[in-house]
Amino acid sequence: MNHPHEKDINELGGVLLEAGVKLLSSGASCARIRLTMKRLAASFKYTAHISIAPKSVSLTLNNEADVLVFNGMRSITAQGVNFKTISGISRLSWDVLENQYSIQQVRDELDRLMALPHYPRLVILFFVSLAGSGFCFSFGGKLPEMVIAFGATCCGLFVRQEAVKHRFNPFICVYIGSLVASLFAGAFIKAGLNINFEHAFATSVLFLIPGVPLINCFTDLIDGNTLNGIVRGINAVMFALAIALGLLTTMFIYNLK
């Protein structure tokens, strides 16, 4: 591996911080972020010391003589879940280690990963709604309930996407999605049809469950990243409360018991 000149260390530090904040904003655990950044730094024969806060990543680099050569911090503006970004940067770190990439090659590949398109919106709506109807079936729902769960999930997810697009607070986005999905499913219960729709109503909001924050909360706490684990756990609880509040609002509107 070619050792970068000292004047290039700021560029290398910037690339490492960019990779770190992209991982953090995409829902990676602290352990994954730390291992990936250290692997990238080791590829250029530097030792990385990384501190990860809930919305920022700090990095210091030491050379082979254990002399501090870089110190920087980068923060994120928004968080979400993007497994394509997480797996892409992880593969990139191994490629850099094995193929002796230059700093510019790492930056170019990182830019390419960030420019990859998302799945089409209709595809996301269809498959998430299909998963919602599958959950309904798993909980004992019949075909009519599965169809209602499909429609409720589709409507709730669509409205939540629109709320995110208009930069609403994340908890408000989840509340709105939960409200719309449960209103759709609850309308069939309120109609008084002689069919059991409780399974569809209960599973219509499962697409909003904060699975990744809950998993990261557990793994961060196990790995000793206590602050990040607590913050992610609290965020997950807040999302769960927003979902429950949406269901409660629907039950109040329809006078369901």
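**Salt bridges, cysteines and a surface patch**

Lys-165 and Glu-162 meet through their side chains in a salt bridge, 3.4 Å from N to O; the term stands for a side-chain nitrogen of Lys or Arg within 4 Å of a carboxyl oxygen of Asp or Glu. Both residues sit in helix α6, 3 residues apart, about one turn of the helix. (Helices, H or I with at least four residues, and strands, E with at least two, are DSSP runs numbered from the N terminus.) Lys-165 is exposed, at a relative accessible area of 54%, while Glu-162 counts as partly exposed at 23%. For these labels, buried means under 20% relative accessible area, exposed over 50%, and partly exposed in between, using a 1.4 Å probe and protein chains only.

A word on where these values come from: this is a predicted model, in which local features need pLDDT of at least 70 and side-chain atom pairs count only at pLDDT 80 or more, while totals for chains, interfaces and linings use all residues. Residues are numbered from 1 along each chain as its sequence is written, and side-chain values use heavy atoms, with hydrogens and water left out.

Back to the charged pairs: the structure holds 6 salt bridges. Glu-162 turns up in another of them, with Arg-121, where the closest N and O atoms are 2.8 Å apart. Glu-162 belongs to helix α6 and Arg-121 to helix α5, so this pair ties together parts that are 41 residues apart in sequence. Arg-121 is partly exposed, with 29% relative accessible area.

Next come the nonpolar side chains. Tyr-119, Val-123, Ile-124, Phe-126, Phe-127 and Leu-130 make up a nonpolar patch on the surface, with about 580 Å² of accessible area together. Patches take in residues with over 30% relative accessible area and no salt bridge, joining like charges within 9 Å and nonpolar side chains (Val, Leu, Ile, Met, Phe, Trp, Tyr) within 5 Å. Accessible areas come from the Shrake-Rupley method with a 1.4 Å probe, and for residues only the protein chains shown count as cover. Tyr-119 lies in the loop between α4 (103–114) and α5 (121–138), and is exposed at 59% relative accessibility. Leu-143, found in helix α6 (residues 143–165), is likewise exposed, at 60%. Its C-alpha atom is 8.9 Å from that of Ser-133, 10 residues away along the chain.

As for the cysteines, a search of the whole structure turns up 0 disulfides, a disulfide being a pair of cysteine sulfur atoms within 2.5 Å. Cys-173 is in no disulfide, and the nearest cysteine sulfur, in Cys-155, is 17 Å away.

Finally, Ser-25 is part of helix α1 (residues 9–25) and is buried, at 17% relative accessible area. Setting aside neighbours within four places in sequence, Ser-25 is in contact (heavy atoms within 4.5 Å) with Ile-76, Ala-78, Gln-79 and Gly-80.
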